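Morning, everyone. Please look at the structure on the screen, and I will talk you through its charged pairs, its surface patches and its overall build.

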Amino acid sequence: MSKTIIFIELNGAKIKSGSLELLSAAKNAGQTIVGVCLGPGSNGASKEAAYYGATEFYFSEDESLAKYNPEVYTKALTEIIKAESPNFILASGTQLAKDLLPRIAAQNNAGYVSDAIEINFDGNDAHVKKPVFSGKAFAKVDFKNSDLNIIVARPNQLTVNDPDTAATCNVKEATVPSIDLKTVIKDIVKGTSEKLDLTEANIIVSGGRGLKEAENFKLLEELADTLGATVGASRAVCDAGWVPHSMQVGQTGKTVAPSLYIACGISGAIQHLAGMSSSKVIVAINSDPDAPIFEKATYGIVGDLFEVVPQLTKEFKALLS
């Protein structure tokens, strides 16, 4: 039986869904699971981690971890790796993990695969499936000649188990060695939105040039609020300055895989499709019946979004009230 470290991140006091997916996948594969959570509130995540399969849990709320500094986080996680000697490290593909885990791989001479959408364990080996060429093909990746293998998976790809509320784990406080920092994080400025990040959202409502002007994004905001969704956008409207680039979905933006993706006034350029084609259900609203987005859509509505979106909002409000 191989040992797997799951790098756990939090959304408030709760474990992010992407981390729960990986805990569930490792448990289903019979792995010995070590949960690692660093930063403010990490101690409180031990119970939830145990419910989803962790038998060991490392945390640290050291002051040096309050703001993400890659040097500090790399050192802290490397010390845990030395203590546990895992076969695998799994992490959900958040911005933090995409920055941290390649550093860990480089320092530990580890195998590294990103953008995983399937993980199949086979003893001390793992077989990984990931999209390539903007989602037009898939690669099957195996590890060779590395004792430690790191897999960073796309969120919303794997199934989350029902929690076992009787399960417990052995909780350990990780020590953070003092290091001479090359960089110091003075402040982190976050956006004002309280909605989930696009990569973690289960429902996304996205807008494109068909909205005609920035002011019309309020139509999508109202629909998103009704559905508990996050609002995204195409590159064209982000480049035009209508919305921040943090909202961009696509090859040069964020890759998402929600249960429901509603595209409003988006024609469906290949770069945009590369970022959202893994969505489980795609609804396209466009006045052009020949728009490429309809080739990927589960459901298509040919019509004026300024009429369709308010009507959808009205119907969903009535249905969900």
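Arg-103 is partly exposed, because its relative accessibility is 36%. Here buried means under 20% relative accessible area, exposed means over 50%, and partly exposed lies in between, with a 1.4 Å probe and protein chains only. Asp-99 is also partly exposed, at 28%. These two form a salt bridge, with the closest N and O atoms 3.1 Å apart. By salt bridge I mean a side-chain nitrogen of Lys or Arg within 4 Å of a carboxyl oxygen of Asp or Glu. Both sit in helix 4, residues 95-107, four residues apart, so about one helical turn separates them. Helices (H or I, at least four residues) and strands (E, at least two) are DSSP runs, numbered from the N terminus.

A word on the source. This is a predicted model: local features need pLDDT of at least 70, side-chain atom pairs count only at pLDDT 80 or more, and totals for chains, interfaces and linings use all residues. Residues are numbered from 1 along each chain as its sequence is written, and side-chain values use heavy atoms, leaving out hydrogens and water.

Back to the pairs. How many salt bridges does the structure hold? It holds 15. One of them joins the side chains of Lys-16 and Glu-200, at 3.2 Å from N to O. That pair links distant parts of the chain, 184 residues apart. Lys-16 is in the loop between strand 3 (14-15) and helix 1 (17-28), and Glu-200 is in the loop between strand 12 and strand 13. Are they buried or exposed? Both are buried.

Next, Asp-115 and Arg-154. Their side chains meet in a salt bridge at 3.5 Å, N to O. This pair too links distant parts of the chain: Asp-115 in strand 7, Arg-154 in the loop between strand 11 and strand 12, 39 residues apart. Asp-115 counts as partly exposed because its relative accessible area is 26%. Arg-154, at 13%, is buried. Salt bridges with shared partners also make one network of Lys-3, Glu-56, Glu-84 and Lys-172.

Now the whole protein. It has nine helices and 17 strands. Of its 321 residues, 49% count as buried. Its C-alpha atoms fill a box of roughly 60 × 40 × 40 Å along the principal axes.

Last, one loop. Gly-135 lies between strand 9 (125-132) and strand 10 (137-142). At 33% relative accessibility, Gly-135 is partly exposed. Gly-135 and Pro-163 are 28 residues apart in sequence and 32 Å apart in space, C-alpha to C-alpha.
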